[in-house]
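Hi,

Here is the structure I said I would pass on. Have a look at it first, and then read my notes below.

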Amino acid sequence: MVTPTPLTIDSLTKVYGEVTALRDVSFAAAPGRVTGFLGPNGAGKTSTLRILLGLNRPTAGAALIDGRRYRDLEAPARRVGASLSADVFHPGRSGRNHLLQLAIAGGIDRARVDHVLAQVGLTEAARRAVGGYSLGMRQRLGLASALLGDPAALVLDEPINGLDPDGIRWMRGLLRSLAAEGRTVLLSSHVLSEVQQTVDDVVVIRHGRIVFDGTLEALEAGTSRVRVDATDRAALADALTRAGATVEPGAAGLTVLGLDAARTGEVARDAGVALTHLSDEGDGLESVFLALTADEATGTAPAASEGSAA
Amino acid sequence: MSVLASLGRATAAELAKVFSLKSWWLLGLIMVAYVGMTAAGLAFFVSDLGAQLAGAGTGAPAPALDPVDTANLVYSSVTAVGLVIPLLFGALLATTEYRHGTLTPTVLAQPRRGIVLTAKAIVAALMGALYGVLGLIGSVGLGAPVLAALGEDPALGEPEVIGVLLRTLVATALWSLLGLGLGALLTSQIAAIVIVLAFTQFVEPILRLVASVWEWSASLGRFLPGSATDALVGAGILSSLGALDPSAPSAPVDALLWWQGGLVLAALAGGLLLAAALTTQRRDVE
């Protein structure tokens with residue numbers, strides 16, 4: 001039976017010299033759910049996770065695991081499993097020996113080593129030096145280290161990075177089944193589309209501040225975008241606004257937010273306005289995510305280059 | 001979980017980490033070969049020196065070399081040339097974690113950094129003593145047969161010689177701790193290797209030679225790690241040659257006693273480890 005282990009980030013602030021990496025960051029990851037912690041690289045995801053795991057010290061605030069700091073847990077590696085980077089292995093050591101020393105240090109039954117190696121599909125490569133592993137294999141080894149203590153909570157930083165399409169599908173299935181067992185799964189990504197089929201809850205961070213915290217459905221609700229036009233634009237805009245939509249006039253017609261295409265058509269019909277144009281311009285979650293994380297100054301998302309997580 | 005149980009696990013994990021890489025036995029191999037060749041060379045040298053001294057003595061009975069001094073000089077090649085190996089091992093034990101990012105999993109498995117550093121210190125001392133044993137396999141294993149073949153007394157049964165051999169293990173263990181302290185304080189592997197090699201191969205030998213010129217500097221020079229090691233072990237090339245040659249002037253200042261030499265090394269290693277524990281070991285794990 002899995003002990004429910006919520007992860008609580010409470011008013012975290014982290015200052016590195018002149019740079020404030022995190023400003024009053026608060027959110028929670030609940031047991032039995034997969035929480036996606038999203039934001040561009042450099043937004044503060046890795047800093048937050050490293051503080052949660054006791055690797056870095058917060059300037060203010062706290063990050064708690066079932067109400068306690070990581071370092072104060074009875075047997076931390078058996079309560080929380082973490083994989084923060086694919087570059088935490090000595091190239092000369094075999095994957096199996098890496099896990100073996102973690103098991104010894106964490107007071108974990110050594111039989112778990114071969115179990116998790118099989119679980120992540122690394123049994124055959126286990127006795128080879130990690131220096132010869134691909135990025136995907138190192139990601140799997142990282143996941144194996146996280147699963148080693150059979151933990152009730154998992155913290156994974158960019159776990160999809162470097163996986164091939166088969167690997168991504170496999171990872172989704174695994175994370176869903178871990179959450180279904182009642183475990184808390186907190187994973188970060190800089191690309192929402194990579195994880196949108198996996199996560200239940202979404203937390204979006206930008207420039208060290210939380211800009212969205214809610215369910216995936218709540219995020220999706222904000223995505224509909226319909227372009228519509230009529231000879232009598234004023235009457236149409238009036239009807240749509242009365243139906244609860246936000247209407248933005250433009251050169252090529254009206255942009256309708258908050259109503260989907262079918263509902264927009266119905267509103268126009270009921271108002272007796274003949275449409276000259278109706279198109280669904282909703283460009284999905286990714287654009288909502290990009291809009292959330294875009295820089296106000298330029299209107300573009302900060303560069304999301306690979307592997308330079310904060 | 002009690003601190004002692006955690007420390008036991010952390011120590012076992014550190015040992016497992018050491019033995020799962022090739023570097024520990026490569027260093028051991030170098031230790032045996034380098035120290036062994038030095039000991040054999042020294043055995044030839046002291047035997048030759050003894051012959052020359054005997055030839056010089058005309059009429060009067062030849063002043064024979066003391067077999068215990070001769071044997072000690074040969075066997076102490078471990079501390080004369082081999083200390084760089086445990087020093088390097090200790091430095092690598094600390095810095096490899098930073099070089100390869102393995103500090104993150106290490107601290108995840110044991111978030112109390114003091115326990116990790118203490119476990120590493122235990123492993124450094126144990127492995128340092130092991131390198132001492134390997135060095136003695138080289139120095140005694142090659143030095144004693146060469147001495148015997150040249151007609152000298154290997155003196156292996158002498159309590160004084162046995163004392164030197166045992167204190168050699170203490171010296172290599174302490175030098176491994178010195179390396180750990182240095183590595184934990186520097187965290188950069190390249191910087192640690194450069195400093196270890198430069199200090200043991202150039203800086204300290206030169207300092208010791210220069211320090212021996214004046215009385216005031218000689219009294220300070222006794223506290224250099226190499227001099228302190230010679231005092232601890234009770235033999236060394238720089239300090240023993242004088243003892244071998246009765247015509248050499250006696251040292252201007254008294255050498256440290258063996259336990260004082262040991263204390264100097266222990267204080268140096270402890271100071272470095274404490275400094276690391278208070279600075280680098282409290283920083284964020286990046």
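This is a predicted model: local features need pLDDT of at least 70, side-chain atom pairs count only at pLDDT 80 or more; totals for chains, interfaces and linings use all residues.

A:T8 stands opposite A:L64, a residue of β4(A).

Which strands make it up, and in what order? It is an open sheet of 6 strands, running β5-β6-β7-β3-β8-β9 in chain A, and its pairing is mixed. Here the edges are β5 (80-83) and β9 (209-215) of chain A, each pairing on one side only. The twist from one strand to the next averages 15°.

Inside that sheet, β3 (residues 34-38) and β8 (residues 201-206) of chain A run parallel, joined by 4 bridges. A:F37 faces A:V203 of β8(A), while A:T35 has A:D201 as its bridge partner in β8(A). The helix α1(A) turns up again here: it lies across β3, β6 (153-157), β7 (184-189) and β8 of chain A, at about 145° to β6(A). Helix α5 (residues 135-147) of chain A packs on the sheet too, touching β5 and β6 of chain A, and its direction makes about 165° with that of β5(A).

Is it buried or exposed? 6 of the 6 residues of β8(A) are buried, so the strand is largely enclosed by the rest of the structure. Both of its faces are covered: A:D201, A:V203 and A:I205 are buried on one side, and A:V202, A:V204 and A:R206 are buried on the other. β8(A) also pairs with β9(A), in the antiparallel sense and over 6 bridges. In that pairing, A:V202 has A:G214 of β9(A) as its bridge partner. The two strands form a hairpin with 2 residues between them, and A:H207 in the turn has a positive phi of about 50°.

Next, helix α9 (residues 233-242) of chain A, where A:L236, A:A239 and A:L240 are buried. Why do they sit on the same side of α9(A)? Because they cover an arc of only 95° around the axis. The face turned away from that buried side carries A:A234 and A:R242, which are exposed. Covering the buried residues of α9(A) are, among others, β10 (225-230), β11 (246-250), β12 (253-257) and α10 (261-271) of chain A. Just after the helix, A:G244 takes a positive phi of about 100°.

On to the nonpolar cores. The largest one has 150 residues, and the members that touch the most others are A:A144, A:V155 and B:L178. Apart from it lies another core, of 14 residues, including A:L236, A:A245, A:A268 and A:V273.

How many residues of chain A are in contact with chain B? There are 31 of them, and they meet 24 residues of chain B. On the chain A side, α2 (76-79) and α3 (95-106) each supply at least two residues. It is α3(A) that gives the most, with 7 residues. By type, the chain A side divides into 15 nonpolar, 11 polar and 5 charged residues.

Finally, some overall figures for chain A. It has 11 helices and 13 strands, and 45% of its 310 residues count as buried. Its C-alpha trace spans about 75 × 40 × 35 Å along the principal axes. Among contacts in chain A between residues at least 6 apart in sequence, 71% join residues at least 24 apart.

Cheers

Notes: Residues are numbered from 1 along each chain as its sequence is written. Chains are lettered from A and ligands numbered from 1 in the order in which they are written. A nonpolar core is a set of buried Ala, Val, Leu, Ile, Met, Phe, Trp, Tyr and Cys residues joined through C-beta atoms within 7 Å. A residue is buried if 20 or more other C-beta atoms lie within 10 Å of its own, exposed if 12 or fewer, and partly exposed in between; C-beta atoms are placed from the backbone. The arc is that of the directions from the helix axis to the C-beta atoms. Two residues are in contact if their C-beta atoms, placed from the backbone, lie within 7 Å. Ala, Val, Leu, Ile, Met, Phe, Trp, Tyr, Cys and Pro count as nonpolar, Asp, Glu, Lys and Arg as charged, and the others, Gly among them, as polar. Two strands pair if DSSP finds at least two bridges between them. Axes are lines fitted to C-alpha atoms, for helices over the stretch in contact, and angles run from 0 to 180 degrees between N-to-C directions.
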